[in-house]
Amino acid sequence: MSQTDLTIAGVGGQGSILAGVILGSAAVTYDDKYATQTQAYSSELRGGFAATWVIISDEPIEFPRVTHPDVLVAQAQDSINRFGEMLKPGGILICDSDMVQEVPQTIERQFRVAATSIARNRLQAPVTANMVMLGALCNVTQVVSRTALEKAIAKAVPKGKEQINLEAFNLGFEQVKNM
Amino acid sequence: MQNNKRVLKGTHFEMGNWACTEGAIAAGCNFAAGYPITPASEVANRLADRLPQVGGTFLQTEDEISAICSAIGASWAGCKAMTVTSGPGISLMQENIGFGVSTETPLVIVDVQRFGPSTGVPSVGLAGDIVQVARGSHGDYQIIALCPESPQEMFDLTIRAFNLAETYRVPVFLMADGFIGHMREQIVIPEADQIEIKQRKIAEPAESVLDRQDFLDVNVAPMPVFGRGLKAHVTSSCHDEHGMRNLSDPAVMHRYAIRPIEKICTHRDDIIQVQADCADAQIALVTYGTVSRSARAAARLARKEGLKIGTLRLLTCWPFPDKEIRQVAEQVDDMLVLENNMGQLYPYIKAEAAHACHVSFLGPQTLGQIHDPEFIFSHIKELIA
Amino acid sequence: MSTSTHPLKKYTRSHIMRTTTCPGCGIGTVSQAILRAIDELELDMDDFVFVSGIGCSAWIPSPFYNADTLHTTHGRPIAYATGVKLGLPDKHVMVVSGDGDLTAIGGNHLIHAARRNIDLTVVLVNNGIYAMTGGQTAPTTPRGLTTITSPHGTLEHTFDISPMIAAAGASFVARWTTYHPRQMTRSIKKGIQKKGFALIEAVSQCPVQYGRASNLGDAVSMLTYFKDNSVRISKTQKMDAAELQSKIVVGEFVDTEKAELTTELAQVKNKLRASP
């Protein structure tokens with residue numbers, strides 16, 4: 001049974017949870033896989049912590065809670081402080097290098113993507129940093145196909161914003177390739 | 001988004017609360033009332049949007065008391081009615097849940113349970129209301145309560161809740177929790193004609209209510225729905241078969257109290273659903289709701305190591321599946337009851353099973369976090385040792 | 001010996017032979033005003049659903065009226081009636097209950113139904129006391145009055161129900177006493193016909209509980225008190241607070257047309273149905 005457990009975390013307003021919803025939706029709707037997505041956030045809608053847990057599997061998922069993820073996507077230093085230690089041994093960390101200063105030495109497989117500056121400087125849309133991270137995640141893990149994610153993004157984002165979000169996703173995807 | 005369809009056929013990746021709403025609408029719900037409360041609000045929010053699109057009505061009430069009362073009123077007006085809330089709202093509704101029971105009103109009450117007691121932790125799921133929905137209103141009564149374990153079952157069992165409510169003229173609870181209410185997973189909605197929908201029987205006109213049996217039939221009296229010239233007399237005070245109040249005849253009091261209980265007990269085989277996977281098992285993990293998923297994962301882990309572990313899942317927790325529990329108890333050496341609370345159903349299960357096997361309880365490693373399968377597995381190993 | 005049948009008897013369940021009210025109670029007067037209003041409007045009992053709560057006056061429609069009647073829990077008839085009306089928007093839904101039921105335990109539902117301006121007709125029988133449970137003080141009991149739960153005098157201030165519900169947004173509000181049965185009948189007729197929330201506050205005598213607590217005595221002396229102390233709302237402008245203190249202001253407080261909930265809901269549904 002192939003199953004991947006993921007945590008995507010950031011601070012409120014960065015769109016971490018939306019990224020998790022899109023990931024799960026892509027798996028279920030376009031890749032014919034099984035997925036669960038859960039989330040937690042602080043009471044303040046902006047600036048508090050936000051995290052989503054996604055499980056993607058080839059078979060129906062029994063236990064839907066992520067305890068030790070295979071992949072941690074960290075959009076803020078707070079995310080690493082909170083969830084870094086839970087990463088499975090040999091797990092993958094993908095972090096936004098603009099937002100993260102310190103990464104524990106124990107995490108060997110690290111991918112640093114300047115998602116916020118890419119979104120701000122190349123797209124003039126800092127809110128699309130989550131899509132940059134999703135692009136990087138797609139390329140690194142291949143947990144969901146690129147086409148499935150592209151379709152899921154186009155469906156999930158507000159009308160008229162499809163193109164810029166897909167561009168952000170592709171920039172993230174290419175960024176990893178060029179590492 | 002505008003959509004006049006009652007049944008949104010297809011595969012969706014949405015929250016349990018979304019699935020519950022769509023299940024209600026697919027079942028023919030045309031009236032809902034509610035008051036905002038975490039973690040149930042998404043159901044009411046979506047009902048407010050969807051119901052008017054399919055010709056129904058959503059009312060945001062001034063409190064949960066008004067929500068259940070107006071839902072009961074709408075049911076008597078002929079609507080398929082529901083309300084949705086969480087533990088604190090159920091606490092407020094209790095007196096009028098008793099009214100719904102006593103007047104034999106078809107009604108669905110969705111409880112997206114949360115961490116209590118009191119205001120507790122709104123966003124964290126807990127099976128905190130299992131006993132209060134069955135025993136929280138005063139007096140003796142019987143209730144139907146269904147326990148989904150996934151967003152898909154929040155769709156399927158919401159439909160079943162409406163069908164049972166209509167068939168038996170009773171309030172039916174859907175006992176979801178904040179975890180699956182807020183969890184997204186695949187939800188497969190079939191074609192409309194693949195969904196079985198039940199409608200209540202309606203009384204025929206008569207010269208007087210004295211010429212008609214409107215209440216207290218163990219095989220379900222046709223309902224004298226309002227607005228059809230049936231001149232129904234409806235009271236939750238002690239009443240006879242015609243609905244007429246009677247506070248002086250002990251025989252009427254007896255029938256008034258026990259017939260609605262007997263109505264559910266008589267049809268318990270049709271109502272109760274369990275999933276037993278206990279063939280050759282030495283230990284049965286007994287669960288309901290979200291924790292059932294942990295139990296299956298733990299049983300799989302244990303079987304990999306050659307341990308004979310089975311599972312018994314209660315899809316219906318009320319009426320209590322006494323017979324089904326006894327049957328499994330007589331097959332196994334041990335029953336381990338897993339609940340995401342401090343053991344609300346455990347005493348009831350123990351009462352049925354303890355004559356035949358050893359029965360013990362295991363709450364989650366951290367209350368509010370559903371059991372980790374590894375945690376259950378290590379406990380099983382201790383149990384065997 | 002010739003027999004005669006009461007002209008309103010046709011509106012009641014034929015097998016109910018006696019009422020639960022005490023001798024001298026004002027409830028009979030209010031009940032007749034309701035049935036007369038329906039009779040004069042030439043409406044059928046099948047056009048109505050009656051909803052009542054707990055207390056003496058909740059027994060006006062249930063079990064007596066030969067119609068759909070819903071006898072609910074204490075304080076909640078307006079909440080139940082709201083659901084009935086939303087399910088049957090073409091029926092007249094009337095709530096009949098008392099001051100304790102509708103303004104104490106059920107006060108929140110009353111003001112919110114008025115705010116929503118949902119098309120209900122509420123006949124609120126105000127006897128100024130909890131009568132059925134033995135004469136306890138109510139939100140409507142005059143300050144200073146000694147009752148069994150205010151043995152040292154009622155210390156709290158009193159709800160002035162009609163102006164309160166007018167302020168909450170009702171389309172129609174009137175107050176009369178049982179000394180004014182014809183005016184009360186006229187206002188109930190208006191309330192039934194009004195598309196919107198209508199409150200008719202019926203100040204009524206309870207000689208057994210209130211009469212004893214207040215020393216106002218029997219029904220006749222209480223009705224005399226209502227007669228001597230009622231003031232038409234039109235005349236109150238020239239009166240100061242001290243003059244009005246012990247008076248019962250009667251008349252129509254509000255009679256207006258405004259957007260009503262079930263009509264608005266129907267429009268929303270029609271709009272949604274028409275759009276693709």
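1. Seven residue pairs are in polar contact between chain B and chain A, both residues at pLDDT 80 or more. A polar contact is a pair of N or O atoms within 3.5 Å; within protein, one must be able to donate a hydrogen and the other to accept it, and residues adjacent in sequence count only if both atoms are side-chain atoms. On the chain B side, β1 (10-15), α7, β8 (184-189) and α10 (291-304) each supply at least two residues that touch chain A. The largest share, five residues, comes from α10(B). Helices (H or I, at least four residues) and strands (E, at least two) are DSSP runs, numbered from the N terminus. By class, the side of chain B that touches chain A has seven nonpolar, eight polar and six charged residues. Ala, Val, Leu, Ile, Met, Phe, Trp, Tyr, Cys and Pro count as nonpolar, Asp, Glu, Lys and Arg as charged, and the others, Gly among them, as polar.

2. On the basis of the model: this is a predicted model, in which local features need pLDDT of at least 70 and side-chain atom pairs count only at pLDDT 80 or more, while totals for chains, interfaces and linings use all residues. Residues are numbered from 1 along each chain as its sequence is written, chains are lettered from A and ligands numbered from 1 in the order in which they are written, and side-chain values use heavy atoms, with hydrogens and water left out.

3. The contact between chains B and A takes 21 residues from chain B and 18 residues from chain A, contact meaning heavy atoms within 4.5 Å. The two chains bury about 1,700 Å² between them, with 55% of it on carbon and sulfur atoms. Buried area is the accessible area (1.4 Å probe) that two parts lose on being put together, summed over both. F13(B), R184(B) and Q186(B) supply 35% of the area that chain B buries against chain A, more than any other three residues.

4. One salt bridge is counted between chain B and chain A, where a salt bridge is a side-chain nitrogen of Lys or Arg within 4 Å of a carboxyl oxygen of Asp or Glu. The side chains of R300(B) and E62(A) meet in a salt bridge, at 3.2 Å from N to O.

5. Chain B is divided into domain 1 (10-194), domain 2 (209-269) and domain 3 (274-384), with bounds from an automatic or database domain assignment. The C-alpha centres of domains 1 and 3 of chain B lie 26 Å apart. In chain B, 28 residues of domain 1 are in contact with 21 residues of domain 3, and the area buried between these domains is about 2,000 Å², of which carbon and sulfur atoms give 53%. I130(B), C147(B) and E149(B) supply 30% of the area that domain 1 of chain B buries against domain 3 of chain B, more than any other three residues.

6. Four salt bridges are counted between domain 1 and domain 3 of chain B. E185(B) forms a salt bridge with R293(B), and the closest N and O atoms are 2.8 Å apart.

7. Of the two pairs of chains in contact, chains B and C share the most contacts. Chain A and chain C do not touch, their nearest C-alpha atoms being 19 Å apart. Chain C has 10 helices and eight strands.
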